[in-house]
Amino acid sequence: MKFFKSNKTELTDDELLALFKKSGKSEYFGQLYNKYIPLVYGLCLKYLQDTDKAQDAVMEIFENLLSKIANYEIKVFKTWLYSVVKNHCYHLLKENKREIPLYYDSQLMESDPILTLLDENEESEEREIVLNKCLEKLPEPQKISVKKFFFEDMSYADIVEFTGYSLKSVKSYIQNGKRNLKICIENNLGK
């Protein structure tokens, strides 16, 4: 693949970044970026699941950063770059209205409709009253995340953007909120 060329440098990330910011010469940032192309490409491929789109994203990220990087205060380049790449991929997925891929089984648990927490033989009006009552008892982050995910069909990325919570927090709020709702509903229906 054309992206993976060996570009050994004796300078540290901090030194290359400082030289780029001081001189404005793109070759310094290019050396730094080339060092992390395998990471950038791997992340893009993981999220976009398409080699052509991943390669395009790698180039877009480079072009975007080249003109803006001087304005950022970066403590650890690798960590900062990882965050930039993830955000870029989330943005691309959102533009294409694709769900962010998840790589663990909790996706199955979270994708069930919330009303399946209630038995079908309960009166539907009672079910709705109990559900609303239990939703209001949830801690605010769980309530917001659960409502957005189940009732407004927002994706994880949409909730992250709407609330400012981290992706990990949103997943946790939904999972814990669903569990707390189930407990509350069972208690209120006398199970």
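## Close-up views of a predicted model

**View 1. Ser 155 in a loop between two helices.** Ser 155 is buried, because its relative accessible area is 12%, under the 20% cut-off. This structure is a predicted model. Ser 155 belongs to the loop that runs between helix H8 (140–151) and helix H9 (156–163).

**View 2. Glu 27 in helix H2.** Helix H2 covers residues 26–35, and Glu 27 is part of it. Is Glu 27 buried, exposed or partly exposed? Its relative accessibility is 48%, so Glu 27 counts as partly exposed. Compare sequence and space for Glu 27 and Leu 16. In sequence they are eleven residues apart. In space, their C-alpha atoms are 9.3 Å apart.

**View 3. Phe 29 and Phe 77, an edge-to-face pair.** A pair of aromatic rings is described by the distance of the centres and the angle of the planes. Searching the whole structure gives ten aromatic pairs. One of them joins Phe 29 and Phe 77. The ring centres are 6.3 Å apart, and the planes make an angle of 80°. Why is this pair called edge-to-face? Its angle of 80° is over 60 degrees, so the pair counts as edge-to-face. Phe 29 sits in helix H2, while Phe 77 sits in helix H5 (residues 77–95). The pair therefore ties together parts that are 48 residues apart in sequence. Phe 29 and Phe 77 are both buried.

**View 4. Tyr 36 and Phe 77, a tilted pair.** Phe 77 also pairs with Tyr 36. Here the centres are 5.7 Å apart and the planes are at 45°, a tilted arrangement. Tyr 36 lies in the loop between H2 and helix H3 (37–48), and Phe 77 in helix H5, so this pair links parts 41 residues apart in sequence. Tyr 36 counts as buried because its relative accessibility is 10%. Phe 77 counts as buried too, at 2% relative accessibility.

**View 5. Lys 148 over the ring of Phe 162.** This view shows a charge and a ring. The charged end of Lys 148 sits over the ring of Phe 162. The distance to the ring centre is 4.1 Å.

View 6. A disulfide is a covalent bond between the sulfur atoms of two cysteines. How many disulfides are counted here? The count is one. Cys 134 and Cys 184 form a disulfide, with their sulfur atoms 2.1 Å apart. The link is left-handed, with -80° about the S-S bond. Cys 134 lies in helix H7 (residues 124–137) and Cys 184 in helix H10 (residues 167–188), so the bond ties together parts that are 50 residues apart in sequence. Both cysteines, Cys 134 and Cys 184, are buried.

**View 7. Cys 44 and Cys 89, with no bond between them.** Cys 89 is in no disulfide, and its nearest cysteine sulfur is that of Cys 44. Cys 44 is buried, with a relative accessible area of 0%. Cys 89 is buried as well, at 0%.

Terms used
Residues numbered from 1 in each chain as written. Predicted model: local features only at pLDDT ≥ 70, side-chain atom pairs only at ≥ 80, totals over all residues. Heavy atoms only, no water. Helix = DSSP H or I, 4+ residues; strand = E, 2+ residues; numbered from the N terminus. Buried < 20%, exposed > 50% of the residue type's maximum accessible area, 1.4 Å probe, protein only. Phe/Tyr/Trp six-rings, centres within 6.5 Å; stacked < 30°, edge-to-face > 60°. Lys NZ or Arg CZ within 6 Å of the ring centre and 35° of its normal. Disulfide = S-S within 2.5 Å.
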